[in-house]
Structure formats: C-alpha cells, structure tokens
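This report describes a structure in running text, for a reader who has the sequence and the coordinates at hand. Please keep both in view while reading.

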Amino acid sequence: MPWLAFAASVAGFAALAMAMSRHHKQVWRREPSRRRQWLLHLAGWALLLASLGLCKAHAGWSGGMVWWVGLLTLAALLVTFALAWRAR
Amino acid sequence: MKDHFRQSMAWLHTWVGLLLGWVLYFMFVTGTAGYLDTEIDRWMQPELPVSRFSVPAEQVTLASLAYLETHAPNAERWFINLPLNRNNPYPRVSWNGAKGAGIAAKGNLQFDPAAGAALAGRDTAGGQTLYRMHWKLHYLPSVVSDWLVGVATMFMLIALVTGVIVHKKIFADFFTFRPGKGQRSWLDAHNVVSVFSLPFQLMITWSGLIFMMFIYMPLIVAAWYGPGEDNRKVFLAEMADTPALAEASGQPAPLVAPDGVMAEARRHWNGAPIAALDIRHPNDAHARILVRGDFVAGPLRAADLLVFDGVTGALLAEQRARHSNAKALRDVMLGLHEGLFAGPVLRALYVFSGLLGAAMIATGLVLWAVKRRQRIEKAAEAPHFGLRLVERLNVATIIGLPVAIAAYFWANRLLPPEMANRADWEVNCLFLVWLSLFLHAGLRPTAKVWAEQAWLAALSFALLPVVNALTTSRHLGHSLPEGDWVMAGFDLSMLALGAAFAILARYLTQRSRTGRATQALSLPDAACQRAGEA
C-alpha cells in the first residue's frame, strides 16, 4: 500500500509539473493548451489526494498523515531531479 | 511597503541562519543519526546477539523477576521493559532502593532471559550518546546546553517562517532546479530542499521547543502551582495523572505470579501487547504492579496503564493513554518528533527528511558565502576576514562533522577493550578529529579544502566495514548470509555514505582544478568555461 501511495504521489507531482508551462515546454517542447493544463492540474491534485487516501488506509489518520508528508517530500524531489536531468 | 517588509525579512533570514546555522547543522545531523540509535548501539556492541522478539513476554518476565529477586532484594521499585520492536532490542531490567549486603541500590541493564544474566558488550557510548548530542550537545552543563539549543531552535523557527516570506516564487519555482549555474544553483537547491521538506522542518522545530517548554517557560507552571521544586513535582504528577499508589506497609508478602496479571491486561486491551511492568514495593503487602501498554504504537506518545494489587493480582485502577486534550497534543508532538512508532520504511523517510534538514542548512550556509564571494570577485576586491572565516567554518562543519562521526565509529573498533573510560574516549575522539578538521580548514587554501575533506569523508566511511571485518567476526561476510540486517545494514550504509562523499569529492576536485585559486564552490559557469578553453 505505501508503494502504491508513493507511485500516486510521484504521478501527481509529475502531472502538476506538466501543468506548468515552463516544465511542459521542457518535456514536450511546446506550450500546453488551456484544456490540457486544466486536466493535468485536476489529475495532479486527484492523485495526491488518492495518495493520502492510500496512506490513511495503511496507517489510519494520524500515522497516515506522517506517511503522506514523507512520501510527498521524496516524490517532489524525484520529479524535480528528473526535470533537471531532462533539461541538461 | 511590501518590498521593505520582504527586505527586512531577508536580512533576518540571512543573519539568523548564519549565526546559528552551524549549531543547527550539528543538531540535525546527530538528531538524524538518532533515528537509528538502537541500530548504531548494536553495531557498537557487536558482542551482543541478534535481538529476538519471539520469546514470550511471560518467559522474559519470569526470568527478569528471578534475576531481580537475587540481585535487587527489598527494592522500592523494579522495572522490566519487554522487547517489542527495534526501540527496545533486548529486555531491560532496572531497579532502585535495593537493600542488602553487597547489593547495588540502583541498577539498569540489558538482560538475557535465556542465560538469566546481564548482556555483556564492550564499554561504548553507543548510538544513544550520538542521539543525545542533538539537544545535550557535549561537555556543557545542561543549563548552558538547554538554553543554547533553545535559542537555536527558536532561531530555526524564525528562519523557516522568514524563509517562506522571502521566497518570491514559491509556486512558480516549485519544481525548479538549475544545476551548474553557480549562485543560482545553490539558491535553487536551498529552495527545493527546504520547500519540499517544510512540513517536517516545521514539525521537528516546533515539537523540539515543546519538548523543553517547561524549561524555557518555567513561570507558567510557577504562576499556577507556586515556585520551587516541590510545586513543580505536584504539577508534573497532576499532568501525568498517575493513579495514587499505597506506601509500603513493612509487612512482607510474596509477589503474585505475573502470568495472571499479564493475561488480564491483554484481555483488557483486546490483545494489544504489554511493553513494561513497573513493580512498586515488591514483596510487600502493599505491592503494586503497573502494567504499561506500548507507548509508541502510533504518533500519540502515551500508553494505557493498569494498576494491579501485587499480592492478590486484583485490578485496582486504570488510566487511558489519552485523558486530557492538552496533554494529548503534547504527546502527539513529542511522538511525531521522536518517530518511535515508525517501522523500517517510514523510519527511512524520517532519516531522509532529517538529512534534507541538514542539507537545507548546509546549502543556506554555502549560499551566504558564494553570494559574497561572487560579489567581491566581480569588484576585484580581496575577500574580507568575515567571508574567509565563514568559508572555513562551513567546510569544517558541513564535511568535517560527518568525518568526526566516522571517527567515533573507528574509535569504537580500535580503542583497546580494557581501556578506562573507554566510552568517554570514543566521544573525545569525535571532537578531537573535528577540532583537527577546523585547524585543517584554517590552514589550507580554501580552493582545496573542500575536496580534501570530502575525500577524507569518503575514505573514513568506506573503510569502516573493512575495519569492522578486521576487528570483529560480525562483518558483511557473516552478517549477510546470517540475515543479520542491523549489522549488515550499518556496514552497507557506511559504504553508501563513502560512495556519496567520493562522488562529491570527485566533483569538488574537478572544480578546484578547472578554476582559478578561488573558492571551489562559487565558480560561476563563465569562469569554468574560460578555464576549460584556455
């Protein structure tokens, strides 16, 4: 379950990064359309919430929050380094 | 107006961060090591067996009671800590107020229930001393260290809050890291590391203050309960809400067999485990057995407590883990800070977040120096004393402290086993090595000092498994096939740290070669390219 939560938070942050035109251009070499941006935003937040739900299912509310915050930190860092590596 | 506010916050962030940064870095590094305290303990006492949590609690309790009957008769209190998980790898028995010829009044030891004797390992300061350093520092009386740590923690909180205010593009730059761009990259790294771990950093800093709130704000207790130590004790007893216990009667009476009491406690808690038995006035007619549940089952750092009559075994009183909201809030903050409830994966996330805290401070300190170094280089001025001092303190802290910790582990393996005050000397080795690295940083050219200390760190960590193999039989060739994951995990982590420092050192060496004789870290890209083309 924590692994699934981790996957969801990586995917969530990746979607949120792609919703930003700077990072979208890094990966796809063009501006995202408004609709695409909106969908990525929605997907990103939904995945982060799903990750919270999975953490809660794994360790209850109090423990789940701790898991979630820890996983989000790792996931965001991973996405950032992946983008930096891609931009070289 | 808004810009003026941001500027003054930037000033505060810069100078508060610089002034306390080195102490905070020490607190973060040793505190992070503290998340692995019992694992480090185990590596530093390789004589001890692999801990086993499968021995039934009754069996451990009976063996412990037999030991206490012989070694601590007529005591006021016996305490038996049962091993549930990595927080207590071995049973622990302790006592106080024992009376009799040749009897120690107080004692506290790790216990081997199979042998019915204390577990014997080498004299070591262990992971516990490393962990305690993050708030007790060392060599200082607690009045000084408590307040120094308190001021540092308060400044940390200020630095966190002002940092968020100063960060102009916290959302726009959320995923932004641009390597190889000098000062820009350091700022990006500082931002990314800080923003991503901000919830952890706020939690750890604030809860750190809560740990010591009665030391920093004694007047609040004094205002309600009156001044002095006695009133303070009244307050603490009321806060803990411990059920009232009888005084000793002086009439001897045999202690009830523990299994009935333990079975009753488990029934009461729907099968939840027993973590400790606290026996007051054993073998007295007024004996009481306090049975405690696991106080680190979750972030709420508190346990249910049952009080039994020590002679009849009847249940007398009960206290719930959560009996007041104010205390529960404090217990949760302390529980989150210590993370004792965390299993292996969550513990790894705790360690990772702690390391990000250390990285946040380190990048902030480097950024201070890089910014000023680039400014004076543009103006073709000579670096002033303050800058040179900060640059040297930075190396000797950021790289020097890890080397000193490695030296602490080396000392554990190399100091003679029969040495007097051996445990103290392990710690002395840590600080002596650290001191010598400050001297090294002060004497060598700044361009070289980063790379040199990084190479030293790489070697001192990577060779630790080798030293372990040469001095004990619990090396990787033994621990891996045996599945002894604590020993193997330590050795493998040291290899990983060695590799990480080697990568850093290689990078720093390349930078100092391609650059002019300036500070290796601050070289702007243009300078590097010019040097490369020349």
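How many bridges join β6(B) to β7(B), and do these strands run parallel or antiparallel? Five bridges join β6(B) to β7(B), and the two strands run antiparallel. The model in which they lie is a predicted one.

**Confidence**

For the complex, the predictor gives an ipTM of 0.95 and a pTM of 0.93. The average pLDDT of chain B is 91, and 96% of its residues score at least 70. Within chain B, helix α15 (residues 400–414) has the highest confidence, with a mean of 98, whereas helix α21 (residues 525–533) has the lowest, with a mean of 39. The pLDDT is below 50 over residues 523–534 of chain B, and this stretch has 18 contacts in the model beyond near neighbours in sequence.

**Chain B as a whole**

Chain B contains 21 helices and eight strands. Its C-alpha atoms fill a box of roughly 90 × 60 × 40 Å along the principal axes. The radius of gyration of chain B is 27 Å; a compact globule of 534 residues would have one near 24 Å, and the two values agree. Of the 534 residues, 39% count as buried. Among the contacts in chain B with a separation of 6 or more, 68% are between residues 24 or more positions apart.

**The sheet**

Eight strands of chain B form an open sheet in the order β4-β3-β2-β1-β5-β6-β7-β8, with antiparallel pairing. The edge strands are β4 (117–118) and β8 (315–319) of chain B, each of which pairs on one side only. Helix α3 (residues 57–71) of chain B packs on this sheet and touches β1 (77–81), β2 (92–96), β3 (107–112) and β5 of chain B. The direction of this helix makes about 35° with that of β2(B). Helix α11 (residues 258–268) of chain B lies across β5, β6, β7 (305–309) and β8 of chain B, and runs at about 130° to β5(B).

The pairing can be followed strand by strand. Six bridges join β5 (residues 274–280) of chain B to β6 (residues 288–293) of chain B, and these strands run antiparallel. Four bridges join β7(B) to β8(B), which also form an antiparallel pair. The table lists residues that stand opposite one another.

| Residue | Opposite residue and its strand |
|---|---|
| B:Ile279 | B:Ile289 in β6(B) |
| B:Leu277 | B:Val291 in β6(B) |
| B:Ile289 | B:Phe308 in β7(B) |
| B:Leu290 | B:Val307 in β7(B) |
| B:Leu305 | B:Gln319 in β8(B) |

Why is β6(B) described as largely enclosed by the rest of the structure? Six of its six residues are buried, so the rest of the structure largely encloses the strand. Both of its faces are covered: B:Arg288, B:Leu290 and B:Arg292 are buried on one side, and B:Ile289, B:Val291 and B:Gly293 on the other. Strand β7(B) is also largely enclosed, because four of its five residues are buried. β7(B) and β8(B) form a hairpin with five residues between them, and B:Gly313 in the turn has a positive phi of about 80°.

**A helix that is hardly covered**

Helix α9 (residues 218–225) of chain B is hardly covered, for the count of buried residues among its eight residues is zero. Just after α9(B), B:Gly226 takes a positive phi of about 90°.

**The contact between the chains**

The contact takes 20 residues from chain B and 19 residues from chain A. On the side of chain B that touches chain A, α6 (183–196), α7 (198–211) and α13 (344–378) of chain B each supply at least two residues. Helix α13(B) gives the most, with six residues. By type, the residues on this side of chain B divide into 16 nonpolar, three polar and one charged.

**A residue in chain A**

A:Cys55 is placed in helix α3 (residues 34–86) of chain A. Is A:Cys55 buried or exposed? A:Cys55 counts as buried because it has 28 C-beta neighbours inside 10 Å, where 20 or more are required. Not counting residues up to four places away in sequence, A:Cys55 touches A:Ala5, A:Gly64, A:Trp67 and A:Trp68. A:Cys55 and A:Leu4 are 51 residues apart in sequence, while their C-alpha atoms are 9.1 Å apart in space.

Definitions and conventions
Residues are numbered from 1 along each chain as its sequence is written. Chains are lettered from A and ligands numbered from 1 in the order in which they are written. This is a predicted model: local features need pLDDT of at least 70, side-chain atom pairs count only at pLDDT 80 or more; totals for chains, interfaces and linings use all residues. pLDDT is the predictor's confidence in each residue, from 0 to 100. Two residues are in contact if their C-beta atoms, placed from the backbone, lie within 7 Å. Two strands pair if DSSP finds at least two bridges between them. Axes are lines fitted to C-alpha atoms, for helices over the stretch in contact, and angles run from 0 to 180 degrees between N-to-C directions. A residue is buried if 20 or more other C-beta atoms lie within 10 Å of its own, exposed if 12 or fewer, and partly exposed in between; C-beta atoms are placed from the backbone. The radius of gyration is taken over C-alpha atoms; the globule rule is 2.2 Å times the number of residues to the power 0.38. Ala, Val, Leu, Ile, Met, Phe, Trp, Tyr, Cys and Pro count as nonpolar, Asp, Glu, Lys and Arg as charged, and the others, Gly among them, as polar.
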